[in-house]
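Hi,

Here is the structure I promised to pass on. Please have a look at it first, and then read on for what turned up.

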Amino acid sequence: MGRYLGLIVKATRSCNLRCAYCHDWRSGPDQSMSFPVLARLTARALADPAHDAVEFIWHGGEPTVLGRPFYERAVYLQARLRRPGQTIRNSLQTNGTRIDRAWARFFREFRFRVSVSLDGPPAVHDRYRRYASGRPSFDDVRRGLDALRDNGVPVSVLMVIDRGAIELGPDPIFDFFVAEGITNYGLLAAKPTNQPDAPPGTPTSHYVTPAEMSRFLQAYFDRWVAHGDPGIRVREFDGLLNRLSGRGANVCTLAGDCFGRYYLVEPDGEVAHCDLFVDDPAYTVGNVLADSFTSFRDGPTLVRLRGSNDRALAGMRDCPDFGVCNGWCPHERYIASRHDPGFTGDCCGLRDLIQHVREHLAVTGPDASVAPAASAASAP
């Protein structure tokens, strides 16, 4: 049976920013994907009969430092190698600082879905997201967002919640997004650099624990509900509301079956499970220059990772909310088991947030998205 394949492609590890919490950028030579690697990746991904839908999720570093010709070649290869009936999507995660009218027109023409990294108000954003020179980046990101919106490119925003955001609190951040006209965004807890050998409870920097993030999101949810605008889409709430309303998972973190569906592809063609486990060789499955996706799926690395994941999930199945979260993202457990003093193996860490959203649904009904005030406000 055919299935979805998500390729998180590190087209380049080079970046023009030096974000305080980022562990994805690299300097030096050989940090960008060559055409032979791009061509082999595309051919192998699209030729596999198991892949009915393939999404190329372009990441970095900063993917736009490569220039548009790289992506023109990418979409050309996709068009030439696509099998009949096969669905192909392109998504790109960018810091937004290099986006201009020409980039926006390219994205619109080739129907790229674009997400811009923006860490809220300038005081928070510029605390973490600065150029290599130390210059703040907020104004340039805003110009990039404007270029995308002015040229009709559907755009979302991704905000990393680090200490600055926790200290500021949900209300000013929510109000900032409203003032900026940003209505589709995600809120992602800051994560530290992977330390595979760290013993449980190891202190680390740039880590917002599941409990801290849950408290933040509960307050943010209440603010979102009180605002009453169903046109504002917050990824984390959309995902939970879908699950609690009996619908399928629309975010990978709640789907429970990511192994063999999402792969990280490095500039040199090395392939690993997901990009979140970067720098842990235990998650590397092969290289597109030598190996097929069949060998990735059925090889010893993914067999071992699936078995480990299944054992972890078995310890959570007694949780009454397991059917909602499906054990949450494996990387959340990976980090929490090493760095969160409150980690327990019988709960993924989402239960308090799930219960908070569940209480909202008990009042508004299973098909509601925001508070009753929103329904009244949007009624004809």
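Beyond its neighbours within four places in sequence, Phe138 is in contact with Leu118, Gly120, Pro121, Pro122, His125, Asp126 and Phe176. Please keep in mind that this is a predicted model. Phe138 lies in helix H5, which spans residues 138-150. Its relative accessibility is 3%, so Phe138 counts as buried, the cut-off being under 20%. Asn95 is 43 residues away from Phe138 along the chain, with 9.8 Å between the two C-alpha atoms.

Next, a helix pair. Helix H7 (residues 170-180) packs against helix H8 (residues 210-227) at an angle of about 45°, and their axes are 9 Å apart. That angle is why H7 counts as oblique to H8. The crossing of H7 past H8 is right-handed. On the H7 side, the contact is made by Pro170, Asp171, Ile173, Phe174, Asp175, Phe177 and Val178, while H8 brings in Phe216, Ala219, Tyr220, Arg223, Trp224 and His227. Sorted by class, this contact of H7 with H8 has 9 nonpolar, 3 charged and 1 polar residues.

Finally, the core. The largest nonpolar core holds 107 residues, and those with the most contacts inside it are Leu7, Trp58, Phe107, Phe177, Tyr185, Leu187 and Tyr220. H8 supplies the largest share of this core, with 7 residues. As for Phe107, leaving out neighbours within four places in sequence, its contacts are Leu92, Ile99, Phe112, Val114, Leu148 and Val153.

Happy to hear what you make of it.

Best wishes

How values were computed: Residues numbered from 1 in each chain as written. Predicted model: local features only at pLDDT ≥ 70, side-chain atom pairs only at ≥ 80, totals over all residues. Heavy atoms only, no water. Axes fitted to C-alpha atoms, helices over the stretch in contact; angles between N-to-C directions. Helix = DSSP H or I, 4+ residues; strand = E, 2+ residues; numbered from the N terminus. Parallel < 35°, antiparallel > 145°, perpendicular 65-115°, else oblique. Left-handed = near helix turned anticlockwise from the far one by under 90°. Contact = heavy atoms within 4.5 Å. Nonpolar A, V, L, I, M, F, W, Y, C, P; charged D, E, K, R; others polar. Core = buried A, V, L, I, M, F, W, Y, C linked by side-chain atoms within 4.5 Å. Buried < 20%, exposed > 50% of the residue type's maximum accessible area, 1.4 Å probe, protein only.
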